[in-house]
Amino acid sequence: MTRNLTSPAGGVLRRLARRAGRGAGRAGRRGGQGGFVEAGVAVTGLALVLGAAVGSGVASTAVTMSDGATWLPDDSSGQVLQVNPATGEVERRLQVAGSGASLLITQRDGMLVVDDDATGVITTIDLATLLAGGQRGTGATRTTVLVGGGNVFLVDLAGTVRAVDPLTLRDLGAPHRTDALADAVVDDAGTVWLVTTDGEIEELRWSASSARFTVERDRPLRGAGSQSRMVPHADGVTVFSPDGGTVAQVGAGRDLIVAAPGLSGAVLPAETSPSTLAPVAAPSAAEVVMVSGGALLAVDVGALGCHRPSNPAVFASRVYVPCDGTGHVLVLGPDGRRAARDIIVPGGLNPRLVVDDGRLVAYSESATAAVVVEADGSTREIETGPGRTPVQDPSRPPVAAPPVTAPPSSTQPSSTQPSSPQPSLPPSPGTPDAAELPDAGGTVPGEQPTTPPTGGPGADDPTVPSTLPPTAPPTGLPTGPPTGPPTAPPTGAPTGPPTTPQPTGSPTAPPTAPPTAGPQAPLAPGQVRASRTADGTAQVTWRPQGPQADTFVVRASGGAAVPAVEVDGSSTEATVTGLECEARVTFTVEAVLDGATARSGGSSPVVMQACPAAPSPPTAATGVVATAAGDGSVTVSWTAASSGADRYVVSPEGHAGTDVGTATSVRLTDVAPGAGVRFVVQTWLGGAAATSAPSNAVTVAGPPGAPPGVSAEVTGRSGDTLTVAVGFGAAADNGSPVTRYAVQWSGGGASGARDLPAAGGTTLTFSCAGQALCTSGGALQVSVTAHNGAGAGPVATATAAVAPPPPPAPRAGDGVVSWVTFAAPGQYDQEIPMRAGLAPPAGWAAHTGGCELVVTSTAGSGSSRSIPCATSGEVWLGQFPGGSTVTVSVRALGLDVTSAAVPGEVPLRNSWAYCDPNTGICTQPVGLPTDPDAGTATIVPLPWTPVPGLPGGPEPGPFLAAGVVLLGAAGALRAARLRERVQSGLASDRADGCDVAPVVVPPSHPTSPTIEETRP
């Protein structure tokens, strides 16, 4: 899909050349001003050449701000995650919305903007403090957030663009209003690009000094519409328009547009990309369409296993394509080929991509891990699950916990002294409020634990009186500092040695309380008895001892293993099931209290009921008889087994059978056809089976075979009526006589059916009026199927070719000439070349009598010449005077029939430059229309291929070419001014100021005159 590129600098050069010519013509009148013109043109040309050599533009600077972290959304929790790709750690979580949110993150230029699509609330985060700078509700409108060039813009797709403060989200100046929008983006330079639903493209620049938008361009973009989507670049955008099947690049150094007829359906663009590698995904076609260097590529990613591609990302000269539903990310090179192995996001179905801080992160909100891709293509996995990452509310700063005094080691603690002190630790930056976080001991700062922590006062400390109960201590501050060194700090406290406080008074003795008794031990139950019941279970009873147990567990021993039975502590009996017949079983009972157990002795043995006697084996059925019918069914009957039966199973010998219950006959309809088929009957009783002797052999009928030798041939045609001869042989009957042959035909809109009683053949006569079979010819398929009592056999087919009818003969007024147009004349040609396009209909192309091309002109000239009637494409007509009209037609010889005549206007000769070959005087074109490159509102379609052989950079060609031409123009102006001084008598000014033909110094070579424009 690569095409040659035509330089867009042509219009600019034409304007500069015209201005330079006028400046040279006035050099004699303005004296020294000519030197300034020459210098200006030379400096401009030199700047363009230098700019092309070093890159697109004389100076190009890219500023990237980095916050050292990447932010990812978590819709399920309403949080955004701060991921450090360098360490692979989730450092913080900010609670920006409620659970079940739909978060869209924009992170650029050191800014973080979060848009909750579920509530329509937009929040900005100050990355220096991790606090919310501002919030703004958008209601039900479709609003998108754009960040670029240090600015933040809110775009309502209904047609409003607002510049807002990056932290407070308040409006800055007046908004810009336009028509309904299909898409809006911002490039790296901060230029806002809009595409309206009716196909207009707008370029907006925000001025902070004047607090308003400036419309740089507003014009139609061919092919654009409501489905158009844009990919922004450092400067400018690439517009993908499935509406009209076009791809355009605007503002990126040259305005181009190419046709992309395969681009259809909704497209999903990359967030940003270089202008030389801009991709979109087309999910409906399972394709990725991208501008890659000088080519427009359509990559069939469905063939690579990516059937639902999503928004791609460009990173390190590669295109990464997330594949929804698979958890894979496809890696493509600039040539559209797979460049590396797929990236697999662990546990994710719909991967999403973020490019930030020189890395790419592939993540999925349903996963607890993400994949970081480095610039060299290497990957590593990082954890993104909740874990122990602190959660911060960005709406308020963290609050430090109140300080708590360290505990004393006195053996007589004060009644107001806390028994479990908590050290005052400053919260780390970005953590939740200290008042909301549990400390290492599981408590909240500012509250006292209900039991002393391990290692604290009252825990395995012999200096603490045993009369102190292990209950919550009184709250409040101590009445005075304690004496003596402090005891071991509580778990989770700092390990460094605390400072010994100086006493100012004696502590008050704590109130005493009786010690609390420890856990009670259970006692084994007594008087365990067991008895057998009539239904094969055992009933076990016992007498509880001591304190009431939490539960009782009854266990059986002897015979097959039986699960233990657990009952409530208030029960005194239990029923045990699943015991083996005739087994000798004893039972024990365990009392369970506070996790401790006490088991009783065994009960007296219990012998379970006797096992039932084994059933008698079944006997086989007798007298099995099979009777075949012509429709392929078989009836099987037999004499019942003497033992009786739970059920009978009837089957063809060696095949699966049919359960018929206790019946003694059955009609089988699904027996495979064949000769010598016998049947057996199985008697099933009590889980055992007995098989009968085989029945008599029968032949089971089946559908007939395919008719052999089917043929079809068109034997005649009368207008729209066809005659087709059909033949075929007799099909095998497979045990049942063939009753009929069904003949069917179809093709080209014609169809029909007929039944024949026997094989052989038939002649089909039918009409195909108005159907393609008659109007265009084609294939007629004929099928034959044999039928018997068992059904229809396989289909046999044949095809008859139907020739198209001959085309109609040429008629007067038929359209044979498609167009008549002109070509640019040569520099020394006085007349205009004319051409015509021929597209003869089939009847004209098939005419064998010969044709004649007839050309007439209003200037009086005309001609005719013989041509083949099938001639198509472009034909040369000759050269004609400007301002005349040329008319072209074709005559069919032998029929005296002439086609429709097509006229063509011959433009005036002064539309092009002309040089007189005799005098050497050349004149520039006059009466030119407005320069098409000056404010045109339509992007001209150009091939998408860079100019080869130019210095590196995205678009050096146009600038280098323009610079070389301008340097040449400066030299020409200098020479012209010097000649003007010598030939000052040849130029004068007219009062009316009209331009006339330029006067030329006779050239040294007649084919390369030197042109100078003057005003006599």
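A salt bridge here is a side-chain nitrogen of Lys or Arg within 4 Å of a carboxyl oxygen of Asp or Glu. With that in hand, welcome to a predicted model, in which local features need pLDDT of at least 70, side-chain atom pairs count only at pLDDT 80 or more, and totals for chains, interfaces and linings use all residues. Residues are numbered from 1 along each chain as its sequence is written, and side-chain values use heavy atoms, with hydrogens and water left out.

**Overall picture**
- The protein chain holds six helices and 66 strands (DSSP runs numbered from the N terminus: helices are H or I with at least four residues, strands are E with at least two).
- Of the 1016 residues in the protein chain, 40% are buried (under 20% relative accessible area, with exposed over 50% and partly exposed in between; 1.4 Å probe, protein chains only).

**Salt bridges**
- The whole structure contains 22 salt bridges.
- Glu653 and Arg678 pair through their side chains at 3.1 Å, N to O.
- This pair links distant parts of the chain, 25 residues apart: Glu653 is in the loop between strands E43 (647-652) and E44 (658-661), and Arg678 in the loop between strands E46 (674-677) and E47 (679-685).
- Glu653 is partly exposed at 36% relative accessibility, and Arg678 is partly exposed at 35%.
- Arg835 bridges to Glu874, with the closest N and O atoms 2.9 Å apart.
- Arg835 sits in strand E58 (residues 832-838) and Glu874 in strand E61 (residues 873-880), so the pair ties together parts 39 residues apart in sequence.
- Arg599 meets Glu590 with closest N and O atoms 2.4 Å apart, and Glu590 is buried at 8% relative accessible area.
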